[in-house]
Amino acid sequence: MEELHSETQKADPDPLSTPKIIGLTGGIGSGKTTVAKFIEEFGFPVYYSDDRAKDIVNDDDNLKAKIKELLGEEAYDENGLYNRKFVAEKVFNNKDLLQHLNEIIHPAVRIDFENWLKKQTKYLVFKETALLFELRLHKQCYKSLLVTAEDNIRTKRVMDRDGKTYREVEAVMEKQMPEKDKIKLADCIIYNNTNVEDLKDQTEKIIFDIE
């Protein structure tokens with residue numbers, strides 16, 4: 001793929017203006033993280049909501065107390081760190097509990113994102129989150145960008161990557177919003193069904209076409 005020449009790239013507007021927020025999402029095995037890395041290569045900042053949430057639940061004492069109250073002391077291990085495995089098992093088949101947990105964590109992530117946003121100077125910024133549509137966070141974005149792939153391709157990727165069985169991956173995918181519903185909601189779509197070169201080409205075209 002040819003490198004973008006400087007004259008083809010859009011100039012950033014007034015650095016004091018508010019950047020346009022592009023919500024970036026994709027289900028398990030879609031290639032969302034790879035697309036996020038390409039976006040950074042092209043010079044745009046990416047806020048990784050899911051990674052930041054992992055840090056925040058360990059760093060915020062107020063959050064820790066609320067999570068323990070909801071899920072019990074076992075939500076944190078003997079070293080005071082978030083017990084991801086215990087929490088995942090606790091909420092996996094309990095929608096109400098998962099909703100309550102999201103209601104605790106996501107406002108803290110939103111504040112963290114707003115603080116991050118104040119430091120950005122590019123005309124576009126990307127907010128990566130797995131639950132963009134489920135939590136209706138796309139309503140807070142200028143555009144939404146979905147990375148998707150055929151279910152069988154996504155399943156094989158996760159099996160190869162994580163060593164999970166077909167049934168284990170299927171169980172996770174069944175808990176996520178169907179791809180057809182995400183496609184209906186998305187403003188921009190990247191179909192990751194072929195190879196990494198095509199994925200990068202699609203990413204480049206879409207992000208530089210955003211007005």
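Of the 211 residues of the protein, 42% count as buried, where buried denotes a relative accessible area under 20%, exposed one over 50%, and partly exposed the range in between (1.4 Å probe, protein chains only). The model is a predicted one, in which local features need pLDDT of at least 70 and side-chain atom pairs count only at pLDDT 80 or more, while totals for chains, interfaces and linings use all residues. Residues are numbered from 1 along each chain as its sequence is written, and side-chain values use heavy atoms, with hydrogens and water left out.

**Overall form**

The protein exposes about 12300 Å², of which carbon and sulfur atoms supply 50%; accessible areas come from the Shrake-Rupley method with a 1.4 Å probe. The radius of gyration is 18 Å, which agrees with the value near 17 Å that a compact globule of 211 residues would have. This radius is taken over C-alpha atoms, and the globule rule is 2.2 Å times the number of residues to the power 0.38. Along its principal axes, the C-alpha trace spans about 55 × 45 × 30 Å.

Among contacts with a separation of 6 or more, 72% join residues 24 or more positions apart, contact meaning heavy atoms within 4.5 Å. The protein carries 33 positive and 41 negative side chains, and the centres of the two sets lie 4 Å apart. Lys and Arg count as positive and Asp and Glu as negative, without His or the chain ends; each charge is placed at NZ of Lys, CZ of Arg, CG of Asp or CD of Glu.

**Secondary structure and strand pairing**

The protein contains nine helices and five strands, in the order β-α-β-α-α-α-α-β-β-α-α-α-β-α from the N terminus. Helices (H or I, at least four residues) and strands (E, at least two) are DSSP runs, numbered from the N terminus.

Strand β4 (residues 143-148) pairs with β5 in the parallel sense over four bridges, and β1 (residues 20-25) pairs with β4 in the parallel sense, also over four bridges. Two strands pair if DSSP finds at least two bridges between them. Five of the six residues of β4 are buried, so this strand is largely enclosed by the rest of the structure. The residue partners below illustrate these pairings.

| Residue | Partner | Strand of the partner |
|---|---|---|
| Thr-25 | Leu-146 | β4 |
| Val-147 | Ile-190 | β5 |

**Individual residues**

Val-172 lies in helix α7 (residues 166-175) and, at 24% relative accessibility, counts as partly exposed. Apart from neighbours within four places in sequence, Val-172 is in contact with Ile-28 and Phe-92. The C-alpha atoms of Val-172 and Lys-64, 108 residues apart along the chain, are separated by 26 Å.

Thr-165 is found in the loop between α6 (151-162) and α7. With a relative accessible area of 41%, Thr-165 is partly exposed. Its C-alpha atom is separated by 9.2 Å from that of Thr-155, 10 residues apart along the chain.

Arg-136 belongs to the loop between β3 (124-128) and β4. The phi of Arg-136 is near 60°, a positive value in a residue other than glycine. Most residues other than glycine have a negative phi.
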